[in-house]
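Open the model in your viewer and keep the selection tool ready. This tour moves from the whole chain to single residues.

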Amino acid sequence: MSETSPGTWHGEATPPAIPRPSALGWLLVATRGLGVVSVLLIGVILILPMRWVERLFAGPRRPVSGPHVQLVCRLCLWILGLRWCCEGRPLRGPGAVVANHSSWLDIFVLNAAMPVFFVSKAEVAGWPGINILTRVTDTHFVTRDPRLARRQAEEFATRTRAGHRLLFFPEGTSSDGRRVLPFKPTLFQGFLDPALPRGLAIQPMSAHYHAPPGRDPRFYGWWGSMALGPHLLAVLAEPRQGAVTVRLLPPIPVAEETRKTLSAKAEAAVRQGFGQD
C-alpha cells in the first residue's frame, strides 16, 4: 500500500531505494513466489476441514489449526531463504503477546515462533495479498470507533478464554526494522478488563531482522509511504537472504498492574530482547 494512515511512522530519514530485481532476481521471484503461494493455498485447503473438526470437538479452541499455521509459516520462510531462529519458551496459561513491528514479514516470522492470532486494524482486511495471510492466520480485526469498544473488548475476552494467543503491536505502526518505537499505553487497557481470565499474563516478543550482505540495514523494514509491491518483489528477488532472530521473553502477570506500568514493562522487555544480538 502506498497510502499511509495518520499513525504511520516515517522516521528521521528517507527510506532506502528499493532495489529492482535483476534477471536472476526475476527467476527467484517466480520460483519463490510460486512456492509460497502454493504452500499458502494448500494450507488454506487443509485448514478448512481442520476448523470444522475443531468446532465439533474443541469448540472455539485451535489445538490443530494453530500449529498447522505455524508449520505453513515456517515452510514459507524456508522457501524465501530467510534464516530464522527462535529463543525462549511460549507462554503457558491464559494470555496475549505483544511485539515490535517491522514488516509484512512479521506475519510469517512471529507465527513461526508460536501459534498466535494477530490483532490488526480493520482496513488491512482489504489489502490485496495481505488479506489472504490474515485469513489463514485467523487475524482479529479491530475498528477505531469508541462506540464499538465494549463489543470488541468482549470479543477479545472470548478469544482469550478459548486459549487464543492474540498478538498486538503496541507501537501502532511498523518501523524500519532497526529500532523499537515507543509503546502506546492505551492499548494495554484492554488487558485489564474484568471479563478476562484470572492469571492473565502478557508475553513480550522481539523480532530483529538482519539485512542480506551488502544491503541497507533497513532492507526488511516496511514503513512510511513505502509501496508493498516493490518491497515484496525486492525480498523475493534477493539471492542471499539475511536472517531474523525472534525472542520469547518472560511473561508479565497482569494482576496489580495498570495500563502504564504494563506498557512500560513490556516495552522495556522487547527493547532488551531486540538489542541482545
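The stops below say what to select and what is there.

**Before you start.** This is a predicted model: local features need pLDDT of at least 70, side-chain atom pairs count only at pLDDT 80 or more, and totals for chains, interfaces and linings use all residues. Residues are numbered from 1 along each chain as its sequence is written, and side-chain values use heavy atoms, with hydrogens and water left out.

**Stop 1: the whole chain.** Show it as a cartoon. The chain has 7 helices and 8 strands. Both are DSSP runs numbered from the N terminus: helices are H or I with at least four residues, strands are E with at least two. Of the 277 residues, 50% are buried. Buried means under 20% relative accessible area, exposed over 50%, and partly exposed in between (1.4 Å probe, protein chains only).

**Stop 2: α1 with α2.** Select residues 23-57 for helix α1, then residues 65-80 for helix α2. Their axes are 10 Å apart and the packing angle is about 175 degrees. Axes are lines fitted to C-alpha atoms, for helices over the stretch in contact, and angles run from 0 to 180 degrees between N-to-C directions. The two helices are therefore roughly antiparallel, a label for angles over 145 degrees. Show side chains where they meet, including Val36, Leu40 and Ile47 in α1 and Val69, Val72 and Ile79 in α2. Contact here means heavy atoms within 4.5 Å.

**Stop 3: the end of α1.** Pick Phe57, which lies in α1. Is Phe57 buried or exposed? Phe57 is exposed, with a relative accessible area of 67%.

**Stop 4: α3.** Select residues 106-113. Helix α3 is mostly covered, with 8 of its 8 residues buried. Asp106, Phe108 and Asn111 are among them.

**Stop 5: Gln152.** Finish in helix α5, residues 149-161, where Gln152 sits. Gln152 is buried, at 13% relative accessible area. Gln152 and Gly190 are 38 residues apart in sequence, and their C-alpha atoms are 9.3 Å apart in space.

Note on methods. Parallel < 35°, antiparallel > 145°, perpendicular 65-115°, else oblique.
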